[in-house]
Amino acid sequence: MISGDTGCGKTTQVPKYILEHGQANNQEANIICTQPRRIAASNIAKRVAVELGERVGHKVGYQVGMESRASPDTKIMFMTTGIFLMRLVNNPDSLAKYTHIIMDEVHERDLDTDFSLVVLKHLLGSKEEGTLNFKLILMSATFNTELFANYFSRSSIAKIEDTEVYEGVEEQYRKEEAERELKLQKEWGRAEPGAWDKLANEKEHA
Ligand SMILES: Nc1ncnc2c1ncn2[C@@H]1O[C@H](COP(=O)(O)OP(=O)(O)OP(=O)(O)O)[C@@H](O)[C@H]1O
Ligand SMILES: [Mg+2]
């Protein structure tokens, strides 16, 4: 279970960390990340693909409703919780290749999420019978971790501390800003405030 303030990077970073860890250690990583809403599932997939320097549909894919963007190379698959529950119930074998199942926004307690958790608990409890062999990760900014921990008896809770995250981000942002300003000043000399962005923009589209 991972809880951390909104915006700290649970949805966009955790699947990437798992993938990178797998690649670094020569371990298979095939990740599903569920989202209660369609728009979130497709938008986040696009964002994570961009962060990996790709377009969506290659290493990062999504499935929402009848729309699917994925390939045999897809390692991080975002999907709505509704689609996930349908696959879990109707075709659990199609989930056999996944090593990690991340259920995001579990605090929402919608029917799809709650039913998925019931089925997943059952599957985790009877691993020897089934073909599914995965790690289950629950994420949310605001959820009663104790409640979920008690439901899944084997569990660990990770809390992302906000202060560390934000301090790091701000420091990095200021450093990058300063470097950018310096580079632009060297290229174009002094200019009025805001002119740097304008010039950079013009240069990019020239
Ligand atoms: N498409 C995007 N373009 C630019 N920045 C983005 C995009 N999507 C997310 N971010 C930024 O990346 C950071 C991490 O976002 P992320 O969605 O992973 O946070 P989160 O911990 O899942 O938050 P929440 O609890 O609200 O779901 C945030 O600062 C967010 O503003
Ligand atoms: Mg999120």
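1. Ligand site. Helix α1, residues 10-24, gives the most to the shell around ligand 1, with 4 residues. The residues around ligand 1 are G4, T6, G7, C8, G9, K10, T11, T12, Q13, R47 and A141. By class, the shell holds 2 nonpolar, 7 polar and 2 charged residues.

2. Confidence. This is a predicted model. Mean pLDDT over the chain is 86, and 86% of the residues score at least 70. Among the elements of the chain, β5 has the highest mean pLDDT, at 98. Helix α7, residues 195-205, has the lowest, at 66. Where pLDDT is low, the predicted coordinates should not be read in detail.

3. Sheet. The chain has an open sheet of 8 strands. Pairing is mixed, and the order runs β4-β3-β5-β2-β6-β7-β1-β8. At the edges sit β4 (67-69) and β8 (158-160), each pairing on one side only. From one strand to the next, the twist averages 20°.

4. The β2/β5 pair. Which sense does the pairing of β2 and β5 take? It is parallel, over 5 bridges. Strand β2 covers residues 31-35 and strand β5 covers residues 76-80. For C33, the bridge partner in β5 is F78. In general, strands of a sheet pair through backbone hydrogen bonds, either parallel or antiparallel.

5. Helix on sheet. Helix α3, residues 81-90, lies across β2, β3 (60-64) and β5. Its direction is at about 100° to β5. Strand β5 is also the element with the highest mean pLDDT.

6. Helix on helix. How do α3 and α4 cross, left-handed or right-handed? The crossing is left-handed. Helix α4 spans residues 111-125. The two axes, of α3 and α4, come within 9 Å and cross at roughly 30°.

7. Residues at the α3/α4 contact. From α3 come T81, G82, F84, L85, L88 and V89. They meet D112, T113, F115, S116 and V119 in α4. By class, this contact of α3 with α4 has 6 nonpolar, 4 polar and 1 charged residues.

Definitions and conventions
Residues numbered from 1 in each chain as written. Chains lettered and ligands numbered in written order. Predicted model: local features only at pLDDT ≥ 70, side-chain atom pairs only at ≥ 80, totals over all residues. Near = placed C-beta within 6 Å. Helix = DSSP H or I, 4+ residues; strand = E, 2+ residues; numbered from the N terminus. Nonpolar A, V, L, I, M, F, W, Y, C, P; charged D, E, K, R; others polar. Pairing = 2+ DSSP bridges. Axes fitted to C-alpha atoms, helices over the stretch in contact; angles between N-to-C directions. Contact = placed C-beta atoms within 7 Å. pLDDT = per-residue confidence, 0-100. Left-handed = near helix turned anticlockwise from the far one by under 90°.
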